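Please look at the sequence and the model together. This report covers pairing, contacts and backbone geometry.

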Protein chains: 2
Amino acid sequence: MKREKSKKKTLSFNLHFTNKGSQLNELIFIGLGLNDEKGITVKGLEETKTADFVFIELYTSLMPNFSLHRFETLCDKKIQIVSRRELEEENGTQILQAAKKSKTVFLVPGDPFIATTHVTLRIDAEKQGIKTRIIHGTSIMSAIISLSGLHNYKFGKTVTVPFPENFSETPYNVIAQNKEFGLHTLCLLDLKANENLFLSINHAIKMLVEIEGKKTMDVITPDTIAVGIARAGSSNPILKADFTKDLVNYDFGEPPYSLIFPGALHFMEVDSLVAFAGAPAGFRRLPK
Amino acid sequence: MKREKSKKKTLSFNLHFTNKGSQLNELIFIGLGLNDEKGITVKGLEETKTADFVFIELYTSLMPNFSLHRFETLCDKKIQIVSRRELEEENGTQILQAAKKSKTVFLVPGDPFIATTHVTLRIDAEKQGIKTRIIHGTSIMSAIISLSGLHNYKFGKTVTVPFPENFSETPYNVIAQNKEFGLHTLCLLDLKANENLFLSINHAIKMLVEIEGKKTMDVITPDTIAVGIARAGSSNPILKADFTKDLVNYDFGEPPYSLIFPGALHFMEVDSLVAFAGAPAGFRRLPK
């Protein structure tokens, strides 16, 4: 008991230290998937249940219906929240210290490495001789593509549309470049999940149409089509395909948000947008 | 009881018909995720447990350690396997018939609509007034990107490398086009999961290097770097980054397989390939 106490002190946080010494030390990155505490895979939940230390970060994505309390009940573990500061400025030292001693799980929204934030932590772990594993989770990327019914192999480079204060022409240029090759562009809209700040679909479209005004490359005009998606992966996702002049006023409700600018559409893709995204009949007469 | 029997006859297959009439009719597409029966999300498993009819297809992807028997035990349901013929030639009629009557689940490897095969079934269901929902699953696409440590937003268009009998220059041209913009290319390698046929990484590279011989565009030479990935999402994935002249002889073990041709690499991406994919030291001296 004394030894356990001193261990806790070294690690400077307060967690149950179960199965002491019964397992090999390792660091498992587990994807939480989308939306709520049931977005994790059965495998991911099992591994969490048998871990000695469990950490979680909730700032890289929004899981709108996730409750840490319910998740702790589901996996019967006390879970330590890790902040952006602890991960990026202190290099996740407390996670690495735990993983050096015992089986440690680090829970991340979506799939653990689709955001590159945690790649450094994994490299540091391996450098320090800590074995790492990944249990993948559902990613917002494939959920959005899947919901839209657009063909996966027709998506070009993905881009993030930043908040106005960091806005640049990059997203416009990526969309233009993809369109040149007939490809769709998936736009992730910037967010600060822990400050409850989300770039809206309407605002993102407005900023992109404004760039068009300067460039006049005919890439994002008021008559360009786009697909807005809110709450992908939840039980009430909203998809709306329309011309940007109409989409700019559409009420998508609660976040998270994303946006697709389609390239050339196959008739099957038009069918999907009409059936699942309320695309107006005008979509059937678009130039191929 | 008599009525239940006649229902079964109409549907022409033999399934337990539980909770008769207790739920709304609907068709839920659920992703099985990767590797084995524990790749499904907790939410997906719950919805399967409460369905009246459960169908599964296992031909669009290989889940190398999936056991239907173990999965049936896990969800306590009898599950009907649906063949490619039934889905593509008979338009999934039996699934739609079941979904018209009661809560019906259709289980699909990975994420349900990343392969476009099932989009038609969803459109048909909606046309017939059947409500549809999606419970997303982990997709091989994001798992591969995640495992590699390469930056997600630097991937261009994805391409499938077909078997020799259907081989064309398309994959080479897609890789060339992506490289021109400094982008990575994710290549899915063709498979016939139900015939146990898989295009190997070695064979795919050989075919691509042969095209280089004709084109001499300097896109895929023996000194081009690539990353082969086997069994993404399993407990023993293999990643190997190397020059194609060496990769062509590398033993990747069991399928499924995929392949990445990187574009311009950021030094953090090189670090990842050295740490997680055994990239040789020569990768550090590649032209940027």
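Which residue in strand 3 of chain A does Phe55(A) stand opposite? Phe55(A) stands opposite Gln80(A).

## Basis of the model

This is a predicted model: local features need pLDDT of at least 70, side-chain atom pairs count only at pLDDT 80 or more, and totals for chains, interfaces and linings use all residues. Residues are numbered from 1 along each chain as its sequence is written, chains are lettered from A and ligands numbered from 1 in the order in which they are written, and side-chain values use heavy atoms, with hydrogens and water left out.

## The sheet of chain A

Chain A has an open sheet of five strands in the order 3-2-4-1-5, with parallel pairing. Helices (H or I, at least four residues) and strands (E, at least two) are DSSP runs, numbered from the N terminus. Two strands pair if DSSP finds at least two bridges between them. Strand 3 (80-81) and strand 5 (132-135) of chain A stand at the edges. Each has a single partner strand, so one side of each is left without a neighbour in the sheet.

Strand 2 (residues 53-56) of chain A pairs with strand 3 of chain A over two bridges, in the parallel sense. Strands of a sheet pair through backbone hydrogen bonds, either parallel or antiparallel. Helix 6 (residues 119-127) of chain A lies across strand 1, strand 4 (103-108) and strand 5 of chain A. This helix runs at about 145 degrees to strand 5 of chain A. Axes are lines fitted to C-alpha atoms, for helices over the stretch in contact (heavy atoms within 4.5 Å). Angles run from 0 to 180 degrees between N-to-C directions.

## The sheet of chain B

Chain B also has an open sheet of five strands, in the order 3-2-4-1-5 with parallel pairing. Its edge strands are strand 3 (80-81) and strand 5 (132-135) of chain B, and each pairs on one side only. Strand 1 (residues 26-31) and strand 4 (residues 103-108) of chain B run parallel, joined by six bridges. Glu26(B) stands opposite Lys103(B) in strand 4 of chain B. Helix 6 of chain B lies across strand 1, strand 4 and strand 5 of chain B. The angle of helix 6 to strand 5 of chain B is about 145 degrees.

## Where the chains meet

How many residues does the contact take from each chain? Chain B gives 47 residues and chain A gives 47 residues. The two chains bury about 4100 Å² between them, 65% of it on carbon and sulfur atoms. Buried area is the accessible area (1.4 Å probe) that two parts lose on being put together, summed over both.

Two salt bridges (a side-chain nitrogen of Lys or Arg within 4 Å of a carboxyl oxygen of Asp or Glu) are counted between chain B and chain A. One of them joins Lys38(B) to Glu46(A), with the closest N and O atoms 3.1 Å apart. On the side of chain B that touches chain A, helix 2 (42-49), helix 6 (119-127), helix 7 (140-148) and helix 11 (267-277) of chain B give two or more residues each. Helix 7 of chain B gives the largest share, six residues.

## A salt bridge within chain A

The structure holds 28 salt bridges over all chains. Among them is the pair Glu37(A) and Arg70(A), whose closest N and O atoms are 2.3 Å apart. Glu37(A) lies in the loop between strand 1 (26-31) and helix 2 (42-49) of chain A, and Arg70(A) in helix 3 (residues 68-75) of chain A, so the pair ties together parts that are 33 residues apart in sequence.

## Backbone exceptions

Most residues other than glycine have a negative phi, and most peptide bonds are trans. Pro255(A) and Pro256(A) are joined by a cis peptide bond, with omega about 0 degrees. Pro256(A) is in the loop between helix 10 (244-247) and strand 12 (257-261) of chain A. A cis peptide bond also joins Pro255(B) and Pro256(B), with omega about 0 degrees.

Thr216(A) has a positive phi, near 45 degrees. This residue is in the loop between helix 9 (201-215) and strand 10 (225-230) of chain A.
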